Structures are given as C-alpha cells and as structure tokens.
Amino acid sequence: MILEKNEMAKKLVIVESPAKAKSIGKFLGKDYKVLASKGHIRDLPEHAIGVDIEHGFEPKYVLSKDKTKTVVELKKAAKESEEIFLAPDPDREGEAIAWHLLETLLPAAKGKTFYRVQYNEVTPRAVQEAVAHPGQIDMNRVNAQQARRVLDRIVGYMVSPMLWRRIRRGLSAGRVQSVALRLLAEREREIQAFKAEEYWLMGAKVRRVSAPLDPFDIRLSRIDGEKAAIANEAAAMGIKADLADSRLRVSDVKTKEVARHALPPFITSTLQQAASSVLGFSPGRTMSLAQKLYEGGDAGVGLITYMRTDSVALSADARAAAQAYISATFGEAYFSQNYYKSRAGAQEAHEAIRPTDVTRTPESLAGQLEPAALRLYELIWKRFVASLMASAKVAQKTVSIASEKAGARHVYTFTATSSDVLFDGFLKVMALDLRKKKAAEGEEDEESDEVAHLPPLAVGDEVLPLEWLAERKETKPPARYSEAALIKALEANGVGRPSTYAATVDTLVTREYANREKRQLIPTQLGLDVNDLLVEKMPDLFNIGFTAEMEESLDKVEEGGVEWQSMLADFYGKFRDWLERAREPPADRAKVDAVLALLADVKEWNAPTKRGKRTYSDEKFVTSVREQLAEGERPVSEKQLAALANMAVRYRAQIADAERKLGELGFGDLVTKDQEMPDLGEAQKRFDVLAKAELSDNQAKFIDSLQRQFASGRKLSSKQLAIIDRILFECRDSIPDFDSVKAELGLQDSAGVEAADTESPFLIQMLSQVKEWKPAVTKGKRTYDDAEFFKSVSAQFTRKHALSERQRFALKRLCGRYKAQIPDYEKFAEQLGLKTKAAGKDDEK
C-alpha cells in the first residue's frame with residue numbers, strides 16, 4: 001500500500017548518481033528523501049573467482065570497498081523510512097543494482113516495504129508517475145545480469161592465465177572484448193595481405209555549344225556498351241588517343257523522382273556511431289555526456305530519455321509533441337507519422353533516445369550547457385525531429401553522352417547525374433548534401449558521376465570537349481575500423497549490448513591491445529599476439545557466432561524462457577572441454593626425470609632474488625616440481641622443463657659430465673648459448689665501478705634489476721653489457737680516473753657517445769638566457785611544456801655530453817620561438833645555420 005502524501009510519511013528514494021538524486025529531489029518534495037548509491041554497492045571479489053561452480057554457479061558477492069560509508073548512510077535512512085523506492089536505471093544493470101540494494105538494506109529496514117520504480121526520463125511528470133505506480137524487482141532481469149557477470153568472470157578468470165604463461169603477466173581475455181579484438185586483428189591481417197592494383201578513371205570536362213556555357217564534368221562509364229574497366233596507363237592513353245578529335249552528343253536523358261527517407265531516432269549504438277563520425281567523440285565520451293543530459297545536471301531536469309536502449313520506438317506523447325512542433329514550425333506538410341522497426345530481440349518497452357521536450361531547441365540551451373554537451377544534444381534533437389518528418393523528394397537527372405568519330409576503334413559513353421530537391425522534407429532540419437550520402441555513411445564512391453548541377457540538355461544536343469580527363473587510381477585495402485564502425489560491426493553480429501559497447505572499446509585501448517589514431521582503432525602487436533593465441537587455442541569460445549548465441553541466451557533468461565543456472569551449466573560443459581584442449585601438452589616425463597637427476601648433484605644454490613613483490617628461488621622451484629610429480633595431479637609443462645634445463649646449464653659446474661648429458665637430452669644449444677654470453681666476471685667488474693658513480697634514478701633502477709639477475713647466477717646478455725657500457729660513458733665525470741677504467745674494461749668510445757656534438761653547447765647557452773617561457777599546451781593526452789623540455793634536455797647533455805639529432809632539431813625550433821629573448825641571436829643563428837627572417841608559425845605558438 002502506498003501512503004498518501006498528506007500523511008507526511010518518510011519515504012526513501014534511492015537512485016545511482018548524486019546528479020540524478022538532486023534533480024529528482026526537486027520533483028518529489030519534502031516528503032521524500034532522495035539518496036544515491038553511486039553505482040553498484042556489491043560485486044564479485046577482486047582477487048578470487050567468487051563463483052561456486054560446483055553448487056549452481058552461486059555468486060559470492062562482497063561489499064564494494066569504496067561503498068562502506070554509502071551503505072551505512074543508506075541503512076540509516078532505510079531504518080528511519082516507512083517505504084523505500086528503488087529507482088536505478090531501467091535496464092539489466094539498474095535492476096541488479098536495485099536487487100543488491102534490497103538484499104543489503106532488508107535487515108536494516110526491518111519489514112519496511114520496498115518498491116521498484118522505473119522511468120525513461122528524469123522529468124517531473126515521468127518521475128511522479130513512476131513513484132505513484134511502483135512495481136517489484138524483475139528477477140528474470142536480475143538473473144540475466146547475474147548470468148552475464150558470472151559468465152564474464154569465468155571466462156576472464158580461467159582464460160587470462162593462458163595469456164600470462166604464453167605472452168606476459170597482467171593480460172586479460174574477455175568474452176566480448178576478445179571478439180572485438182578479433183574483428184580488429186582480422187581486418188589488420190586483410191590490410192597487411194592486400195596488394196594494390198592500378199586502375200584508371202576517365203572522363204571529360206565539357207560545355208554546351210550555346211549559353212549557358214558553364215563547364216561540367218562527365219565520367220566515362222561504358223565502352224561499346226560494356227562497363228569501362230581501364231587497368232593500366234597504356235590502356236588509358238590508348239583511349240585518350242582514340243577520343244582525340246571526337247565529337248560528343250547527348251544520346252539519352254532520364255529523369256526520375258526519388259525519395260530520401262529520414263533515419264530512425266537514435267539508439268545507443270547509432271548515437272555512438274554518429275557522435276564519432278560527426279563530432280569526433282569517443283564512445284566513452286559520448287555516453288558520459290549523454291548521462292549528464294539524461295540526469296539533468298545544471299539544467300535541473302533531464303534533457304533526453306534514457307540513453308542505453310536498442311529500441312527505436314517512440315511514445316504516443318512524444319509523437320504528438322513532435323507533430324505539434326513540426327506543424328507549427330515548418331508546416332503540416334512536413335510532418336509524417338513514420339514508424340521504424342527495431343532489430344530482433346530489442347526491448348520495445350524502452351524508447352529511442354530523444355529530447356524530453358521537443359520545444360527545448362538547441363538554440364534555447366546555448367549558454368546553459370557546456371559546448372560538447374550542447375553539440376550532442378543538437379545531434380539527438382535534430383535526429384528525433386527529422387525522424388518524424390516527411391521524406392525529401394528529389395529529381396534525379398542522368399545524361400548519357402556518346403562519342404562520334406569516323407574510324408574510332410570504339411564508341412565511348414559518358415554519363416553525368418545531378419540531383420535537385422523538389423521538396424526538402426526532413427532535410428529542412430538535417431541539411432544534408434545529397435551528393436555526400438555515401439561519404440556520410442562511411443563509404444566512398446570514386447566512380448560516381450554525380451555533379452553539382454547540369455545545364456539544360458536534350459537528346460541530340462552537341463557538347464564541346466574542353467579537356468579529356470584521365471586519373472590513375474589504386475584499389476584500396478579495407479579500411480581499419482573506426483570506433484563507430486567497430487560498434488556497428490558488433491551490433492550487426494549480435495555481440496554485446498547497448499550498455500557494453502563503449503566499455504568494450506575503452507578496454508581494448510586501456511589494455512594496450514589497440515591504439516586510437518585519427519579516429520581509427522589500430523591493433524598493437526600485443527593485441528595481434530593475444531588474438532592469435534586465443535583464436536589458436538580456443539577458436540570456438542571466441543567465435544563471433546557463438547558469442548552472439550550467448551547474448552541471445554541472456555535475452556531468453558531476461559524474458560523468463562531459460563533458467564540462468566541451467567544456461568551457465570550448458571556453457572560450462574562446453575567451456576571446460578575447450579579449456580582442456582587448450583592446455584599445453586605435458587613435457588616428456590623421461591626428460592623431466594633426467595634433468596631432475598642432474599640437478600640432484602647441485603649442493604650450493606644461488607641466493608633467492610626478489611623482483612617486485614615476488615621472491616624467486618632456484619632450489620624451491622626444483623623442489624616444487626618434484627612435489628608436483630609426486631602428487632601426480634598435474635603433469636610438468638614444457639615451460640617448466642625449459643626452466644629446469646636452463647638451471648642445469650647454469651649449475652653445470654657442480655654436475656658431473658653435465659655438458660655431454662645435456663647434449664644427449666637435446667639441450668646442447670642452451671649450453672652453446674651460455675658459453676657465447678659474456679663471462680660473469682666482466683659484469684662484476686662493471687658493477688664494482690658503477691657502485692662509485694652518480695646514477696640517475698632510471699639508471700639506478702636499471703642497474704639494480706641487472707644486479708638481481710646477476711645475483712641469481714644468470715648471465716647478462718651482450719646487449720645488456722653494452723647498455724652498462726653506455727651508462728659508464730654517461731657517468732664518466734663521476735668515475736675517478738675514467739681513462740684507466742676505460743682501458744681496463746676495454747670500452748670503445750662508440751659504446752656510449754654519439755658523433756661529436758658541437759651544436760648543443762651553443763643551443764643550450766642560447767636558451768639558458770630565456771626568462772619567460774610560454775605556458776604549457778595540452779593536445780589530446782599529451783602536454784607540451786617548453787620549459788620542462790629544455791630542463792630535461794639540458795640535464796641529459798650534462799650527463800652524456802651529446803644530444804641526438806632529433807633533440808638538437810627541437811632545440812633549434814625553440815631558439816626560433818624565443819629569439820626575442822636571446823641576445824646576439826643573429827650571431828649564433830649564423831653559426832648554427834638557423835633561419836633569421838620574420839617569425840613563422842613556431843614563433844607564434
């Protein structure tokens with residue numbers, strides 16, 4: 001039972017975010033206390049799988065470590081309230097948050113009534129209506145979210161260690177993330193394998209014989225009635241020669257009326273795609289801005305409907321409001337009651353993303369919203385209004401022009417097409433260029449014969465060729481995915497859901513599996529390596545079709561058609577088999593026993609070494625392998641055998657006839673490699689010298705890591721020794737009698753010093769006189785600070801006595817930028833070959 005407001009009952013409303021709590025608090029009045037949970041308050045533990053697989057995949061939830069204070073506040077409020085309204089977002093995650101709140105607050109509430117409140121927009125009418133007609137938590141939706149969370153935890157927790165063993169620690173595999181990476185990697189392989197082929201586009205610049213005489217371009221489309229395909233320059237020049245002195249005459253004129261239809265209102269994926277293509281926003285930024293528009297923020301009222309949706313449906317109220325606005329603003333002919341079809345499986349109970357009040361135009365919000373938020377709102381507003389407007393009517397005219405020449409080898413047909421708007425319809429709002437339709441959709445059509453305008457032409461009219469056009473082209477490889485294109489591909493393949501797209505893309509970049517470059521996602525070598533391993537070892541799990549099937553299964557759980565734990569049991573049965581097949585084959589047991597027998601002769605083990613938080617001990621490792629064999633539960637892997645063999649090589653001085661025995665076991669190459677590496681004594685001499693030198697922090701850390709390697713008995717490589725030699729040269733001013741040390745160690749000047757650097761002393765002297773540095777500039781994620789750069793480079797020159805060519809070039813640019821503050825700049829500039837004329841762009845930065 002819901003108490004009437006005049007009874008002055010204490011009612012608690014809980015939402016996710018403080019911004020939404022602030023807006024809703026204004027709508028409900030003093031009888032309601034509105035608090036924010038600030039997202040999820042419970043989740044699976046960070047450092048354990050947190051799922052009891054043997055007992056129905058029961059999740060083991062723990063209180064999120066940063067939510068203790070929030071939960072204490074919520075429990076206190078629940079205890080003092082008579083009714084509790086759980087009002088998180090209207091989707092799976094929101095339903096799960098509501099359920100976790102219920103489970104956590106129920107004991108403190110002591111029998112108080114809990115309600116589930118849902119609304120699609122943060123407006124007074126929608127919120128008050130929802131609170132007046134509350135419901136209960138939808139456990140099917142909660143279970144769908146639980147199933148997804150458990151599914152993702154099992155995959156991540158059990159597959160990621162394979163990446164740690166084969167590539168490096170800290171890497172992660174994800175059910176959806178790895179499929180997205182697969183799309184990027186497969187596209188990159190296509191690009192790498194692509195071989196460009198030459199082709200030519202031909203046409204002519206022409207004009208009418210009589211006024212109007214404005215020239216226009218025509219495209220060669222057919223040769224003797226067949227599509228023109230010109231493969232090389234010889235063919236192109238042959239055609240050009242054949243066309244010489246030809247006359248051109250209009251052979252056909254076709255005019256047809258075509259309709260251009262408006263696009264449906266935005267759903268999550270199409271909003272992210274459009275914001276990326278039109279505004280240059282990443283999916284993450286788009287969703288962050290959309291969240292603010294939804295919650296209201298400074299506006300005090302939600303400006304758009306809920307932004308995580310896959311439905312293009314519109315409410316009757318929204319349609320009526322749009323009809324009134326469009327008719328009043330543009331005229332009744334511009335309104336059209338368009339209906340759009342959502343993809344299969346979309347939740348039609350949700351609406352598309354639209355403005356909560358269509359009369360709140362983007363212009364009316366100028367100055368109230370930050371510029372980026374206003375641009376996104378404008379994109380949403382225009383798309384919604386246009387979606388309920390009439391189609392544009394376009395007259396499309398195509399003119400065919402044939403060549404005429406006695407003795408010509410072929411007949412050439414040229415075409416040109418123009419489009420003229422008869423009725424602009426939705427274009428009144430969208431203002432699209434009809435000729436740029438394909439480009440706006442991410443495509444290119446270089447062979448298009450579209451022109452801006454055609455003069456009046458009739459069949460039989462002659463046109464004069466002003467210039468024969470021939471342009472060499474090359475076929476292009478498939479384009480790399482932009483963030484927008486990747487989201488579109490994921491959606492088209494049924495992978496992921498509206499709430500996951502932005503996070504999936506961000507994870508690929510955060511994990512360094514892909515880089516963002518000029519709006520493109522380019523897989524890194526690490527990303528390619530991870531993908532190759534996952535696809536090789538578990539092709540079925542990271543199959544796009546299988547991942548889409550799992551999404552459908554989760555949808556069925558939400559609909560109540562499938563029991564969530566049964567669905568997980570079916571998955572886990574397959575997953576366990578795939579995981580078993582992916583395991584590395586066990587090492588040859590006879591070889592393992594033979595190498596352990598060799599190591600039994602070792603009496604003196606190197607001291608354990610610590611790297612980071614882990615301690616490594618050769619003796620304990622050998623003991624652990626023996627215990628593993630004795631237990632018999634897990635075979636020794638090839639990686640473990642390789643580690644044992646390397647130890648036998650390092651300790652071979654204590655093993656009788658070790659080199660022969662290791663050779664017979666197939667490890668002779670390890671012995672040879674070790675023999676070719678520098679002697680341990682060479683490293684020790686260098687460490688002794690460096691102990692007295694003044695090292696930078698980075699140098700000290702690097703030398704410390706090599707000393708730990710050295711202490712464990714592992715030799716340094718020639719490359720590592722060369723780096724030490726370079727550091728010795730860099731620190732030579734702090735090493736007593738360096739010339740003697742250099743002779744004793746046999747150091748070569750080329751080890752650490754670049755070619756004689758005569759420019760840097762002058763450059764540093766010049767810039768040392770600068771008193772006022774320009775403020776630092778941030779571009780993207782990088783900050784450019786002239787003062788800090790000069791300080792860093794000067795310190796490096798003091799250590800190394802030389803700078804790279806690139807660093808000297810950067811200093812020369814700085815000198816030009818600050819020349820007004822450098823006395824005798826002209827004299828220095830002449831010596832260094834610097835420009836002395838008026839300031840250019842660099843000077844003005």
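Is C731 buried or exposed? C731 is buried, at a relative accessible area of 4%, where buried means under 20%, exposed over 50%, and partly exposed in between, all with a 1.4 Å probe and protein chains only. C815 is buried too, at 0% relative accessibility. Okay, while we're on cysteines: the disulfide count is zero, taking a disulfide as a pair of cysteine sulfur atoms within 2.5 Å.

Quick housekeeping, then. This is a predicted model, so local features need pLDDT of at least 70, side-chain atom pairs count only at pLDDT 80 or more, and totals for chains, interfaces and linings use all residues. Residues are numbered from 1 along each chain as its sequence is written, and side-chain values use heavy atoms, with hydrogens and water left out.

A pair of aromatic rings is described by the distance of the centres and the angle of the planes. Here the rule is that rings of Phe, Tyr and Trp (for Trp, the six-membered ring) pair if their centres lie within 6.5 Å, with planes under 30 degrees apart called stacked, over 60 edge-to-face, and the rest tilted. That gives 18 aromatic pairs. Take Y572 and F575: the ring centres are 6.1 Å apart and the planes sit at 40°, so this pair is tilted. Both residues belong to helix α18, residues 564-582, and they are three residues apart, about one turn of the helix. Helices, by the way, are DSSP runs of H or I with at least four residues, strands are runs of E with at least two, and both are numbered from the N terminus. As for burial, Y572 comes out buried at a relative accessible area of 14%, and F575 is buried at 0%.

Which charged ends sit over rings? One is R42, over the ring of W99, 5.6 Å from its centre. Another is K591, over the ring of F667, at 5.5 Å from the centre. The test is NZ of Lys or CZ of Arg within 6 Å of the ring centre and within 35 degrees of the ring normal.

Now, empty space. Rolling a probe the size of a water molecule over the atoms shows where empty space is left.

On to backbone geometry. The peptide bond from A211 to P212 is cis, with omega near 0°, and P212 lies in the loop between β9 (198-208) and β10 (216-223). Then there are positive phi values in residues other than glycine. D245 has phi near 70°; D245 is in the loop between α7 (233-243) and β12 (247-260), and is exposed at 74% relative accessibility. E512 has phi near 65°, in the loop between α15 (501-510) and β16 (514-517), and is partly exposed at 49%.

T504 lies in helix α15 and is buried at 8%. T504 and Q145 are 359 residues apart along the chain, with 17 Å between their C-alpha atoms. S419 is in strand β14, residues 412-423, and is buried at 17%. From S419 to P18 there are 401 residues in sequence and 51 Å in space, C-alpha to C-alpha. And F710, in helix α25, residues 697-711, is buried at 18%; F710 and F194 are 516 residues apart in sequence and 47 Å apart, C-alpha to C-alpha. That's my tour, thanks.
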